[in-house]
Amino acid sequence: VDGGMNFSTVAKDVERLDKKEVDPARLSKEERRRLIEKLNKEMTEAAKVLDFEYAAKLRDEIRRLKGGK
């Protein structure tokens, strides 16, 4: 388990998702769960520092990973 979440790691994950380098369908259930958890934490942190644009981007990626829109 990755205990050291940091902005650059999460930003790279989101960038890879944006570029469609990561196909959510190819992630294991556990990989998907961990990525969603990491993105949720970062989304909360982004909102705390009033970076709502980034928080919304993370929210959209979380929805996509969960099989939503």
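Predicted model: local features only at pLDDT ≥ 70, side-chain atom pairs only at ≥ 80, totals over all residues.

Residues are numbered from 1 along each chain as its sequence is written, and side-chain values use heavy atoms, with hydrogens and water left out.

Helices here are DSSP runs of H or I with at least four residues, numbered from the N terminus. Let me start with α2. Its 20 residues should span 28 Å at 1.5 Å a residue, and the end C-alpha atoms of α2 are 29 Å apart, which agrees; the expected span is 1.5 Å times one less than the number of residues. Buried, meaning under 20% relative accessible area with a 1.4 Å probe and protein chains only, as against exposed at over 50%, are Leu-35, Ile-36, Lys-38, Leu-39, Glu-42 and Ala-46 of α2. Viewed down the axis of α2, these buried residues fall within an arc of 165°, so they line one face of the helix; the arc is that of the directions from the helix axis to the C-beta atoms. Lys-29 and Lys-48 are exposed on the other side of α2. After α2 comes Leu-50, with a positive phi near 65°.

I turn now to α3. This helix covers residues 52-65, 14 residues in number, and reaches 20 Å from its first C-alpha to its last, close to the expected 20 Å. Its buried residues are Tyr-54, Ala-55, Leu-58, Glu-61, Ile-62 and Leu-65. They fall within an arc of 120° down the axis of α3, so they too line one face. The exposed residues Phe-52 and Glu-53 sit on the face of α3 turned away from its buried side. Gly-67 follows α3 and has a positive phi, near 95°.

How do α2 and α3 pack? Their angle is about 160° and their axes are 8 Å apart, the axes being lines fitted to C-alpha atoms over the stretch in contact and the angles running from 0 to 180 degrees between N-to-C directions. That makes α2 roughly antiparallel to α3, a term for angles over 145 degrees.

Finally, the core. The largest nonpolar core has 11 residues, including Val-10, Leu-35 and Tyr-54; such a core is a set of buried Ala, Val, Leu, Ile, Met, Phe, Trp, Tyr and Cys residues joined through side-chain atoms within 4.5 Å. Helices α1, α2 and α3 each supply at least two residues of this core, and α3 gives the most, with 5 residues.

How values were computed: Parallel < 35°, antiparallel > 145°, perpendicular 65-115°, else oblique.
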